[in-house]
Every structure is written in structure tokens, then in C-alpha cells.
Amino acid sequence: MNGTATRARFITFEGIDGAGKSSQIANLVELLRGRGLDVDQTREPGGTPLGERLRELLLHEPMHLETEALLMFAARREHLAARILPALAAGRWVVCDRFTDATYAYQVGGRGLDEARFEALERWVHPDFQPDLTLVFDLPPEIAAARVAATGTAPDRFEREQRDFFGRVRAAYLLRARRDPARVRVIAADRAPETIRAELEAIVAERFFP
Ligand SMILES: Nc1ncnc2c1ncn2[C@@H]1O[C@H](COP(=O)(O)OP(=O)(O)OP(=O)(O)O)[C@@H](O)[C@H]1O
Ligand SMILES: Cc1cn([C@H]2C[C@H](O)[C@@H](COP(=O)(O)O)O2)c(=O)[nH]c1=O
């Protein structure tokens, strides 16, 4: 990648559980730092001490669907105020594992949260603010489930959901991408890691370092 981007950017990674975001996030962060950029890598739910405590509840404690959506946005409000916006203002790039598209995909698409409630929360928590680029890792739920199972770690409340849940989450991500194609890029995640890495690098280069 050549050239210099003018301002710090907010880049988010999305996809169903097991889509393969983690290693590609690490690749991107390494790539950006290699360009001499200051990069803050973070995640949702989480990213702040309070957000990490909310994450524990969200991933393990049974709760009402609307409680889940409210806690996701509560953690996000804190994350924006305490970390994301100050980092961007200071010129640090922010790379985040999941953001509001995940609430649309999981709570609206997966669980059936009323879309108007989601929109009200999004408008409240971050009016006029969206990621500069969102990368949706797309793959069939059965492949993702096999990858998660192969890790051998105990599944959390979301990972224990059935295939049809992840089918709805996947469809909601793709709908969100179709609605905002300038921001959201879909990456076929059922390919070799090196192929995905190369595509990711090309997208970022084209977008920010033309
Ligand atoms: N392209 C790939 N092909 C095959 N396996 C992969 C690929 N990418 C990642 N994996 C493996 O799949 C598993 C899940 O990957 P990873 O943890 O990166 O997914 P994730 O999207 O971050 O998942 P989650 O959202 O559940 O944290 C890991 O064991 C990882 O090594
Ligand atoms: C931000 C956000 C996340 N989720 C779900 C999606 C995942 O199952 C977990 C987070 O775990 P990860 O594997 O570390 O990505 O939380 C959600 O349902 N809604 C959201 O807004």
C-alpha cells in the first residue's frame, strides 16, 4: 500500500460467529502499523472496563431480547465516549471487532427485535456517526459452526444458537450491506486465509491509500 490517508479511520469487522474475523483483524492492524499509523484495536461488546463487564453478562446471562439490545447499546455508548471518539480525535485509527451492524444482524435479524426500536437506539447513541469501512465476513452457518466446534472452547450464549438463527443473522448482514454498499464490503470467508488477507489488503488500499 502506498500513499497517506488524511485522517484517522474507523474500520469494523462483522460476521457470524466463527467467520474468521480475528486473524484477519490482526493482519490489518499489523499492516496499518507497518505504515507508521497509530492503531487502536478493540471489540464489542467490550472495549472499556464497563463494556467488558457488560460483555460477561451478555455472553453468559439469559435475558430478555430488549434487555440484550439495550445493554449492547449501553456498552457501545461507553465505548464511543471513552475510547473510540477520543482515539479518532487524537489521530489514532480504530479497528473494532463488531459494532452496530452486529446489533442489526443478531438482535433484529437473529432474534426479531423491532427494527424501529433498533433505529431509535442507533440514532440516540451515534447520530451522524458510522464506520468509514465495514468488512462483513460471509460464509454458510454450517461451515462457521464446524470451525467454532473445532476450537474446542466452551460455547457462549450466542454460539449455542441453532443454524437457522445464524442463517437469519447472515441474511441481515447481507441486507445491511445492500443498503449501504459504499460503507459495507462483503468478503467471502469460505476461502483460504491468505486469499482473504489479499482481498482485505486490496480493499483497504483502494479505499484509503489510492
Ligand atoms: N479462512 C479460514 N479457513 C479455515 N479456518 C479458518 C479460517 N479463518 C479462521 N479459521 C479458523 O476458524 C476458527 C474461528 O476463527 P476466528 O476466531 O477468527 O473467527 P471469528 O469470526 O473471530 O469468530 P467469533 O466471532 O466467534 O470470535 C479458528 O479456529 C480459526 O483458526
Ligand atoms: C456487538 C454485538 C455482538 N453480539 C454478539 C455476537 C457474538 O456472538 C458475541 C460477541 O462475541 P465475539 O465472538 O467476540 O464477536 O456477541 C450481538 O449479538 N450484538 C451486538 O451488537
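Please keep in mind throughout that the model on the screen is predicted.

**Stop 1: the shell of ligand 1**

Select Gly-15, Asp-17, Gly-18, Ala-19, Gly-20, Lys-21, Ser-22, Ser-23, Arg-147, Thr-151, Pro-193 and Ile-196, which together surround ligand 1. Which helix gives the largest share of this shell? The answer is α1, with three residues. Colouring the selection by class shows three nonpolar, six polar and three charged residues.

UniProt, in an unreviewed entry, lists a "binding site" that consists of Gly-15, Ile-16, Asp-17, Gly-18, Ala-19, Gly-20, Lys-21 and Ser-22. Two of these residues deserve a separate look.

- Select Ala-19, in the loop between β1 and α1. Ala-19 counts as buried because 25 other C-beta atoms lie within 10 Å. Beyond its neighbours within four places in sequence, its contacts are Phe-137, Leu-139, Ala-144 and Ala-189.
- Select Lys-21, which belongs to helix α1. Is Lys-21 buried or exposed? Lys-21 has 22 C-beta neighbours inside 10 Å and therefore counts as buried. Setting aside residues up to four places away in sequence, Lys-21 touches Phe-13, Gly-15, Asp-97 and Phe-137.

**Stop 2: the shell of ligand 2**

Move to ligand 2 and select the residues around it: Asp-17, Glu-44, Pro-45, Met-72, Asp-97, Arg-98, Ala-102, Thr-103, Tyr-106, Gln-107 and Phe-158. By class, this shell holds five nonpolar, two polar and four charged residues. Helix α4 (residues 100-110) gives the most to the shell, with four residues.

As background, most residues other than glycine have a negative phi, and most peptide bonds are trans.

- Select Glu-44 and Pro-45: the peptide bond from the former to the latter is cis, with omega near -10°. Pro-45 sits in the loop between β2 (39-43) and α2 (49-60).
- Select Arg-98, which is not a glycine and yet has a positive phi of about 80°. Arg-98 is located in the loop between β3 and α4. With 23 C-beta neighbours inside 10 Å, Arg-98 is counted as buried.

**Stop 3: helix α4**

Now select α4 by itself. How many of the eleven residues of α4 are buried? Eleven of the eleven are, so the helix is largely enclosed by the rest of the structure. After the helix comes Gly-112, with a positive phi near 90°.

**Stop 4: the nonpolar cores**

Select Val-95, Ala-105, Phe-137, Val-169 and Ile-187. Of the 35 residues in the largest nonpolar core, these five touch the most other members. The elements that give two or more residues to this core are β1 (10-15), α1 (21-34), β3 (93-97), α4, β4 (133-138), α7 (163-179), β5 (184-188) and α8 (193-208). The largest share, five residues, comes from α4.

Centre the view on Val-169. Apart from residues up to four places away in sequence, Val-169 touches Ile-16, Ala-105, Tyr-106, Gly-109 and Gly-110. A second, separate core has seven residues, including Leu-54, Leu-58, Met-72 and Ala-75.

**Stop 5: an exposed loop**

Select Asp-128, in the loop between α5 and β4. Its phi is positive, about 65°, although Asp-128 is not a glycine. Asp-128 counts as exposed because 5 other C-beta atoms lie within 10 Å.

**Stop 6: the whole chain**

Finally, zoom out and colour by secondary structure. The chain has eight helices and five strands, and from the N terminus on, the order is β-α-β-α-α-β-α-α-β-α-α-β-α. The C-alpha trace spans about 45 × 35 × 30 Å along its principal axes. For 210 residues, a compact globule would have a radius of gyration near 17 Å, and the 16 Å of the chain agrees with this. Of the 210 residues, 36% count as buried.

To finish, select residues 13-198, where UniProt, in an unreviewed entry, places the feature "domain: Thymidylate kinase-like". Over this range the chain is 58% helix and 13% strand, with the end C-alpha atoms 16 Å apart.

Technical notes:
Residues numbered from 1 in each chain as written. Chains lettered and ligands numbered in written order. Predicted model: local features only at pLDDT ≥ 70, side-chain atom pairs only at ≥ 80, totals over all residues. Near = placed C-beta within 6 Å. Nonpolar A, V, L, I, M, F, W, Y, C, P; charged D, E, K, R; others polar. UniProt positions renumbered as here; feature names shortened; annotations may be inferred. Rg over C-alpha atoms; globule rule 2.2 N^0.38 Å. Buried ≥ 20, exposed ≤ 12 C-beta atoms within 10 Å, placed from the backbone. Core = buried A, V, L, I, M, F, W, Y, C linked by C-beta atoms within 7 Å. Contact = placed C-beta atoms within 7 Å.
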